[in-house]
Amino acid sequence: MAGDRIPIALGAAALLILVATPGLLSPFLVQFLINLFMLAALAESWNIIGGFTGYASFGNVAFFGVGAYATGVLLTTAELPFALALAAGGIAAAVFAALVGMPILRLKGHYFAIATLGVAETTREIVYNLRITGGGTGLTMPISRSPLPFYYLMLSILLATTLVNWWLSSSRFGYGLIAIREDEDAAAAMGINTPLYKTIAFSVSGGLAGLVGGVFAYWITFIDPEGVFKVSTTIQMIIMAVFGGAGTVAGPLLGALVLSSVSEFLSTQLVSLAELVNGLIVILVVLFMPRGLAEMIRKRQFSLRDFARNFREYRV
Amino acid sequence: MLLTQVLVNGILLGGLYGIMALGMSLIWGVMNIVNVAHGALIMLGAYLTFWTFTLWGWDPFLSLPVTIGVLFVYGYVLQRFLLNLIVRAQLFLTLLITFGVEVVMVNLARIAWSSDLRQVSPDYAAANFSVRGITVPYVRLWVFCATMVLSVLFLLVLEKTRLGLAIRATSEELRAARLTGIPVAHVYAVTFGLGAALAGAAGGLWGMLFPITPVMGGALTLKSFVVAVLGGLGTMMGAIVGGLVLGIAESFTATYLGPTYPNAISFGLLVLILIFRPTGLLGRRG
Amino acid sequence: MRNSARRFLILAGATVAIGVMATTAPAADEIVVGSAISQSGKYAREGKFYVDAYTLTADAINKAGGVKVGGKSYKLALKLYDDQSDPNLAVRLFTKLVTSDKVNVLLGPYSSGITIPASTVAEKYEIPMVQGGGASGKIFDRGYKYIFGTLPKAEFYFQAAVEAAAKMSPPVRTAALLYSNEAFDRSVADGTRQWLKDQKIDKIYDEEYQPATQDFTSILAVIRSKSPDLILVAGHEENALNFIRQSQAADVNPRMAVFTVGPPTGDFRKTLGKAAEYVYGITPWLPDMDVGGEIFKTARDFDRQFQERFGYQADYHVASGAADVLALKFAIEKANSVEAKKVRDALAALDVETLYGRIKFEPTGQIAMGQVLVQIQEGKLVPIYASGKMIGKPVYPTPSWSQRR
């Protein structure tokens, strides 16, 4: 793994800088970074089920939302200390993902994608109708004045999700997931307990997303069903992972870094066009770099001919 | 009596749901493309009907053929020059790209026509008649009839014309279709065009009953999913049956459970159907 | 590897730099007022009222000499973002306004649903926010010190309507209450239940609906089967438009139908045309009210200037937005400083007459103002009931749809 040494060194250096400097940065930059860590962590969490296992879930925001609400409700109604509420949020999301995953992971391809979408939508509607979640009015958390704890928390979760991905890339369990992605029947024939593997992957993916949700709830101080169960959140996760390179370790991180910077720039400069450009980005990424930036960097394929190669493979 | 009213309401709306899902079911069944931009196509059809009504006074029912034609061309071009490029890519990529198309279409509509609510209201908009205490708005009845007529026409095209044959052949056995000289790229584009045309018709009809905004499509795409899956993907009759079932289910849920439940029920139904009977009510097994 | 790594670093660095570039600082002779308001999305219609109101008022203030602090005249500058009707984006934008753009004071967004989280940002960073787009009591019952509102309490919205209903002849005996699953509308419903009880009107229908609902057919079917005298609907403009249209198609004929949002807005009446006749609405402000103050001498004057500039009639949203900007101007001048805490204290003690009426905030931060029940008659708004008395003649009971043909 000699080729990995430089990226690892870069990563470690970046990490050191990020850990040491928040106090020196402007509040706006701190906000931007917290948001970045959040999106990167979500993209990495999606990568586990979507990238490694090949089960493209279009409903992972459901777990983000469940984590947010579980933490939120425990924080406000039960008045638990945040650490406990957050842990409970992550666990709730993981359990929810496992329960939902068991029947749904039996489906393949489009059916699975639509089912996950349906789960996300149904969960949102249920949350809308419950009294304890505040329904359409949402939940307001107690005010926390300093963003620094959230900065470190999000960074830690990002670290955790990236490490999980890294572990997957070189562990037997991870190879099992990749085998499932490449040829599920063959994997089963080789003795891999595919339903168990898939459910674990889904559950871990969901649990991590839930942790992100819990921190998000406290950080943003207000959550409502529309905000934490957005389909576009899942799309963001997916496109960042795809853009960076689904199934790789650094891919989702890269994708999150580039795309959220672009998005941030747009939302302040060209306010009304921001979403439009986001949509165009999605189209362009799928057309020209579906295998992601990481792959392009690894193979050093930056020329136009390389971009067009995808067409020959994918067109009618 | 309330029961009958609820049933009637459900059936009338169900016809509209059916035709909405028909377009999606066709595209999904033939090309295995899940068109997340389906709602945006419906929205486009609605706006077309609105503008022809507002600018030139065309009656919304009479302008339907025009809406259908325009959306057909639009769909053809979209498929031929964009979607055909990634047709054989992994499934979730096609899903992703149609998401992108949806965002672009919705935002272009927002920029061009603003988020203001539009409504098509011809003079006969609120006219209704009563039969034994059941009130039926004329427009809803005519919309329902229109959906039935269009569905039958569409089914005829699919079953009886050479084009329909080509479409069905391409969907069932792509390689064989190619070998017999069927221009697949063209057939795909025509299929998408047809799906878009149906969506456009649905939009035109929807626009007569409900306000039109650039973001109206999102919920309709999801509803179309539910109906298409409920009825059985790829089966056209399934879409219509699914639509009626959903329409009635929603009507009853809204009335007897409470107005905030229909969405939860529809999506819950989607998930349950996918788990227990993914081929839907009318779909073939396997 | 090294080549690509370098290329990547440059790419990453560039994108991060770009993303972080957009920061501005206020000019030396300006007082910057910031806000994120719904310029797109489901609240775009109402959001526009506020953008236009803020703009007109700021310009009028500047034309009249600006804001005077410490003997110097400052220009009032607006910095407005689009929150796309999304509370989460609003929170981020308000945070940006406070931390990065370093605005002096804040104006509110539209809708209680967005104002609740936005006000939390104001409170967190201790920058005063004056808002005229959120009426729910929930905005003000958290003990926050930095939020002020010029819309009267949502819980009181239907009080005038219910009182008037009980005084009609023949008086209303049964009522149907329908409200949206949103902060504002839930608050309205909470209050309304009390008013109905007070007036001894029988509540025979009480249901919540999803804000995104477009099809009220089932709801109307049930309401029709119960035949209430009075229908009260708490929702936003789109809901009201749909409900009225569909109630015509479903032949639902209450004696009185009142809506929280819609009737006072010119656009509403234009869109519905004849179907808007006899519909009742609520407003704390009308252009012919006998109120006025500095910058805009009378309400009529304000309406005239507004119509000249923007081409549509001002309604209470617009007047409320204008009042917010004025409140900030007066508070800053009274405090003779732009220091957040001093401005905040001046706002809490403010008591001034304006085109909107008397601006005086309760200890919670919300204004206390009466609502007027109005009815649409021949396309015009006719005040019917206010401050406990009938002040106009209603067309009651509302003629049925078939009678109107």
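## Notebook: three chains, looked up piece by piece

I am reading a predicted model. I looked up phi of Glu378(C) and found a value near 55°, positive in a residue other than glycine. Most residues other than glycine have a negative phi. Is Glu378(C) buried or exposed? I noted 8 C-beta neighbours inside 10 Å, so Glu378(C) counts as exposed.

I then turned to Asp251(C). Its phi is near 60°, again positive in a residue other than glycine. I placed Asp251(C) in the loop between helix 8 (237–249) and strand 10 (256–259) of chain C. Asp251(C) has 18 other C-beta atoms within 10 Å, so I put it down as partly exposed.

**Cis bonds in chain C**

Most peptide bonds are trans. I found a cis bond between Ser169(C) and Pro170(C), with omega about 0°. Pro170(C) is in the loop between helix 5 (159–167) and strand 7 (174–180) of chain C. Another cis bond joins Tyr396(C) to Pro397(C), with omega about -5°. I located Pro397(C) in the segment after strand 16 (389–390) of chain C.

**Asn60 in chain A**

I looked up Asn60(A) next. It lies in the loop between helix 2 (27–52) and helix 3 (61–76) of chain A. I noted 29 C-beta neighbours inside 10 Å, so Asn60(A) counts as buried. What does Asn60(A) contact, leaving aside neighbours within four places in sequence? I listed Trp46(A), Ser205(A), Gly206(A), Ala209(A), Thr234(A) and Met237(A). Gly206(A) is 146 residues from Asn60(A) along the chain, yet their C-alpha atoms are separated by 6.7 Å.

**Helices of chain B**

I checked helix 5 (residues 138–160) of chain B and noted 23 residues. From first C-alpha to last it reaches 32 Å, close to the 33 Å expected. Its buried residues include Val139(B), Val143(B), Phe144(B), Thr147(B), Leu150(B) and Phe154(B).

Next I took helix 2 (residues 38–56) and helix 4 of chain B. They pack at an angle of about 25°, with axes 9 Å apart. Because the angle is under 35 degrees, helix 2 of chain B is roughly parallel to helix 4 of chain B. I recorded the crossing as left-handed. Helix 2 of chain B brings Ala40(B), Met43(B) and Tyr47(B) to the contact. Helix 4 of chain B brings Glu102(B), Met105(B), Val106(B), Ala109(B) and Trp113(B). By class I noted 7 nonpolar, no polar and 1 charged.

I also found Trp51(B) in helix 2 of chain B. With 15 C-beta neighbours inside 10 Å, Trp51(B) counts as partly exposed.

**Where chain B meets the others**

How many residues of chain B are in contact with chain A? I noted 38 residues of chain B against 38 of chain A. Helix 4 (91–113) of chain B gives the largest share of that side of chain B, 14 residues. By class, the side of chain B that touches chain A has 31 nonpolar, 6 polar and 1 charged residues.

I closed with chain C. The contact takes 24 residues from chain B and 29 from chain C. Helix 1 of chain B supplies the largest share of the chain B side, 5 residues. I wrote down 11 nonpolar, 11 polar and 2 charged for the side of chain B that touches chain C.

Methods: Residues are numbered from 1 along each chain as its sequence is written. Chains are lettered from A and ligands numbered from 1 in the order in which they are written. This is a predicted model: local features need pLDDT of at least 70, side-chain atom pairs count only at pLDDT 80 or more; totals for chains, interfaces and linings use all residues. Helices (H or I, at least four residues) and strands (E, at least two) are DSSP runs, numbered from the N terminus. The expected span of a helix is 1.5 Å times one less than its number of residues. A residue is buried if 20 or more other C-beta atoms lie within 10 Å of its own, exposed if 12 or fewer, and partly exposed in between; C-beta atoms are placed from the backbone. Two residues are in contact if their C-beta atoms, placed from the backbone, lie within 7 Å. Ala, Val, Leu, Ile, Met, Phe, Trp, Tyr, Cys and Pro count as nonpolar, Asp, Glu, Lys and Arg as charged, and the others, Gly among them, as polar. Axes are lines fitted to C-alpha atoms, for helices over the stretch in contact, and angles run from 0 to 180 degrees between N-to-C directions. Angles under 35 degrees count as roughly parallel, over 145 as roughly antiparallel, 65 to 115 as roughly perpendicular and the rest as oblique. A crossing is left-handed if the near helix is turned anticlockwise from the far one by less than a right angle, and right-handed if clockwise.
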